[in-house]
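User: I'm new to this one. Can you walk me through it?
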Amino acid sequence: MPNSRIKMPESAAAGESIEIRAMIMHPMENGFNFDSQGTTIPVHIITDFVCTYDGTEVVRVQLQPGLSANPYFSFYLTASRSGSVDFRWTDQDGTVTTNSALLQVT
Amino acid sequence: MLGCASSSAADSTASGAPRSGYSYLSEETRRLQDDDFANPGMLWVQKGEELWTQSSGPAAQSCQSCHGRARDTMRTVATRYPLYSPELGRVINLEQQINRCRVSRLKSSALAYESEDLLALTAFISHQAKGLPVDVRVDGPAAASFARGRAFFYQRRGQLNLACANCHERYVGFRLHGETISQGQINGFPIYRELWQTMGSTHRMFVWCNEAVRAEPYPLGSQEYIDLELFERWRARALPIETPAVRR
């Protein structure tokens, strides 16, 4: 499973807008590169990124080959209830990487 | 031939104080390096932290079994490498020391040069020394290696017949196509290079530079590059370690 990093506050006041940051280590090969032998390196990308908050989907991104390596997403979420924020990256082969953090709403 | 602009662009520090590659970066790239989350090199540092505690080999030992917490014991290590090894009778770099530990202490396998795991461990250990000045020994038993490294730096090579010093000493601050020529300091390695879209070691950079002047590069981890690395580290003495630095 590729290495992923997330950053968000552990707690927030109800109604507060919090910044969420997520990054994953991935080459995002676009299919236009060659190795040292001159052979084309096939496309190898992450196709989907989904973030759910307490079971509800809040962000869904479809990635394309034009995106650079190690995709990094940053977005805002309105805190309403305590719950788990789950991150899920799916690559073209179906390999799934997950990460999650708990948000305490006071 | 070099496409150098007017001499007014010349850097006044060309022959003076060392200047980190950081100071040649755009505002955006500097921000990326300074942000401990957005800096993509931190992915490798995080991976290295995992590897530090991960058991390997038949004795199921990890780096941590001997060295303890890296934040306590590895604080100054990266400032001293490349370092003369009395056992081997030659100067070795941090990557080679990591592999020596893996083979002799963990009884595990050596990691391939430029592999993700070796880059991660090197980045993690170097990151512990972030902010500390580079401080390598170039006297005593390391003197011969240092002299060879210096000779490499001033030796013209390749079809373009350029030495490292031609660009990174003589023409520092001039323009080469869209770039400003830097001093070529290596205080931030391993670096996340935007061109490569990944992490790279000093030796990968040396290979890249050698190929850029159309010279036959030496193998990664070769003694020629270790010697050059020692000389380059000495050039960067007193510059703070920036690992993981972000470069174009």
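User: Where does B:Glu114 lie in chain B?
Analyst: First, a caution: this is a predicted model. B:Glu114 lies in the loop between α6 and α7 of chain B.

User: And what is its phi, for B:Glu114?
Analyst: About 70 degrees. That is a positive phi, although B:Glu114 is not a glycine.

User: Is B:Glu114 buried or exposed?
Analyst: Buried. Its relative accessibility is 19%, and the cut-off for buried is under 20%.

User: Which loop holds B:Lys107?
Analyst: B:Lys107 sits in the loop between α6 and α7 of chain B. Its phi is near 55 degrees, again positive in a residue other than glycine.

User: Buried or exposed, for B:Lys107?
Analyst: Exposed. B:Lys107 has 55% relative accessibility, and exposed means over 50%.

User: What about the cis bond with omega of about -5 degrees, which residues does that join?
Analyst: B:Phe189 and B:Pro190. You'll find B:Pro190 in the loop between β4 (179–180) and β5 (191–193) of chain B.

User: Now cavities. How many of 30 Å³ or more are there?
Analyst: The count comes to one. The largest cavity holds about 110 Å³ of space.

User: Which residues are closest to the centre of the largest cavity?
Analyst: B:Glu95, B:Thr122, B:Phe189, B:Glu229 and B:Arg233. They belong to a lining of 13 residues.

User: On to chain A. How many helices and strands does it have?
Analyst: Zero helices and eight strands. Along the sequence, chain A reads β-β-β-β-β-β-β-β.

User: What box do the C-alpha atoms of chain A fill?
Analyst: Roughly 60 × 20 × 20 Å, along the principal axes.

User: How much of chain A is buried?
Analyst: Chain A has 106 residues, and 38% of them count as buried. Its accessible surface comes to about 5,700 Å². Carbon and sulfur atoms account for 50% of that surface.

User: What share of the contacts in chain A comes from residues 24 or more positions apart?
Analyst: 57%, taken over contacts with a separation of 6 or more.

User: How many positive and negative side chains are in chain A?
Analyst: 6 positive and 11 negative. The centres of the two sets lie 6 Å apart.

User: Pick one residue there. Which strand is A:Thr52 found in?
Analyst: A:Thr52 is in strand β4 of chain A, residues 46–53.

User: Buried or exposed, for A:Thr52?
Analyst: Buried, at 19% relative accessibility.

User: Which residues does A:Thr52 touch, leaving out those up to four places away in sequence?
Analyst: A:Glu57, A:Val58, A:Ser84, A:Val85 and A:Asp86.

Definitions and conventions. Residues are numbered from 1 along each chain as its sequence is written. Chains are lettered from A and ligands numbered from 1 in the order in which they are written. This is a predicted model: local features need pLDDT of at least 70, side-chain atom pairs count only at pLDDT 80 or more; totals for chains, interfaces and linings use all residues. Side-chain values use heavy atoms; hydrogens and water are left out. Helices (H or I, at least four residues) and strands (E, at least two) are DSSP runs, numbered from the N terminus. Buried means under 20% relative accessible area, exposed over 50%, partly exposed in between (1.4 Å probe, protein chains only). Contact means heavy atoms within 4.5 Å. Accessible areas come from the Shrake-Rupley method with a 1.4 Å probe; for residues, only the protein chains shown count as cover. Lys and Arg count as positive and Asp and Glu as negative; His and the chain ends are not counted. The place of a charge is taken as NZ of Lys, CZ of Arg, CG of Asp or CD of Glu. On a 1 Å grid over the protein atoms alone, a cavity is a set of points where a 1.4 Å probe fits but cannot get out, and a pocket is an open set with protein on both sides within 12 Å along at least five of seven lines; lining residues have an atom within 4 Å of a point. Grid points are joined across faces, edges and corners, and a volume is the space filled by probe spheres set on the points.
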